[in-house]
Amino acid sequence: SQFQTIIVEQHGAVTLIRLNRPDALNALNSQVLADLIEAFAAYEADASQGCAVLTGSEKAFAAGADIKEMSNRGFSEMFGENYFGGFDRVVATRKPWIAAVAGFALGGGCELAMMADFIIAADTAKFGQPEVKLGVAPGMGGSQRLTRAVGKAKAMDMCISGRMMDVHEAERAGLVSRIVPAATLVEDAIKAAAEIAAYPPLATIANKEMVNAAFETGLSAGLLFERRLFNGLCATADKREGMVAFVEKRKGAWSGK
Ligand code: HXC
């Protein structure tokens with residue numbers, strides 16, 4: 001593969017991206033970021049691919065940003081190079097993607113999982129924002145996305161105590177959408193992704209934009225955005241096909257238009 005720190009495979013219409021730094025529990029460094037930016041851009045550009053899955057290993061989704069890489073960088077270096085600001089490009093992916101989490105998702109690993117459209121977690125998954133123990137704090141979304149996902153009480157607890165949530169607490173709190181057995185995590189995530197990939201792609205992107213808008217707008221602006229996007233989808237060929245296929249009791253054949 002052209003990548004040093006990840007492995008990318010296509011399973012039908014699903015792109016599987018696996019973090020692959022086993023010696024460092026998939027810690028995220030500059031090379032991982034560069035590889036992820038390239039892999040997500042390739043996924044986005046490939047019309048044969050309808051959903052992506054990002055996963056790690058059995059032991060760790062990712063145990064955080066690479067502490068060895070960060071240890072000698074001061075404010076000027078971090079600020080000057082906008083360290084990990086490039087993850088904004090991964091977040092900007094318009095097509096859907098799922099994080100499939102087993103084992104540790106800590107610090108930047110938890111933050112990367114929260115960039116996904118949703119998280120499917122193995123019963124072994126553990127989430128945490130332990131940065132405080134290193135004298136820092138979340139730096140790629142943890143204080144904001146975790147708080148929006150689970151509310152202040154748990155987010156503040158996680159950030160200032162540095163404790164981990166097991167998968168059941170994470171699911172109850174709203175961080176995780178589905179729990180599956182560790183043994184079938186990747187298979188189950190690919191199955192879920194294949195279902196998503198089988199739906200009309202413009203509708204999927206619109207659904208994503210609407211839900212994401214709920215984090216950025218007030219209610220009436222969000223509702224108006226939703227209604228207008230709904231109206232707009234009614235101009236697509238796949239809307240017509242979807243409704244006609246339903247009435248004719250057959251499967252839709254999507255054109256992506
Ligand atoms: C670099 C890491 C690492 C990390 C683990 N390793 N986490 N290397 N950065 N974040 C390395 C270890 O140094 C070790 O390498 C190997 O992976 C195995 O880890 P162990 O600690 O021996 O495993 P274990 O005892 O099972 O403990 C697992 C663990 C622990 C609980 C997950 O590794 C841990 O606490 N890791 C750090 C978690 C953390 O603090 N993450 C937040 C980082 S800050 P060697 O070579 O010794 O075998 C962050 C900020 C993001 O993410 C914002 C950026 C802008």
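Helices here are DSSP runs of H or I with at least four residues, strands are E runs of at least two, and both are numbered from the N terminus. By that count, the chain has twelve helices and ten strands.

A word on the source. This is a predicted model, with residues numbered from 1 along each chain as its sequence is written. Local features need pLDDT of at least 70, side-chain atom pairs count only at 80 or more, totals for chains, interfaces and linings use all residues, and side-chain values use heavy atoms, without hydrogens or water.

Overall shape next. The chain has 257 residues and a radius of gyration of 19 Å, taken over C-alpha atoms. A compact globule would be near 18 Å, so the two agree; the rule is 2.2 Å times the number of residues to the power 0.38. The C-alpha trace spans about 60 × 45 × 40 Å along its principal axes. Of the residues, 43% are buried, meaning under 20% relative accessible area with a 1.4 Å probe, protein chains only.

Now the ligand. How many residues surround the ligand? There are 23, each with a heavy atom within 4 Å. K59, A63, A65, I67 and G108 are the closest.

A63 puts a backbone N or O atom 3.0 Å from a ligand nitrogen. A polar backbone atom of A65 sits 2.8 Å from a ligand oxygen. For G108, a polar backbone atom is also 2.8 Å from a ligand oxygen.

Which elements give two or more residues to the shell? They are α2 (67-70), β6 (104-106) and α5 (108-115). α2 gives the most, with three residues.

Note on methods: A polar contact is a pair of N or O atoms within 3.5 Å; within protein, one must be able to donate a hydrogen and the other to accept it, and residues adjacent in sequence count only if both atoms are side-chain atoms. Buried means under 20% relative accessible area, exposed over 50%, partly exposed in between (1.4 Å probe, protein chains only).
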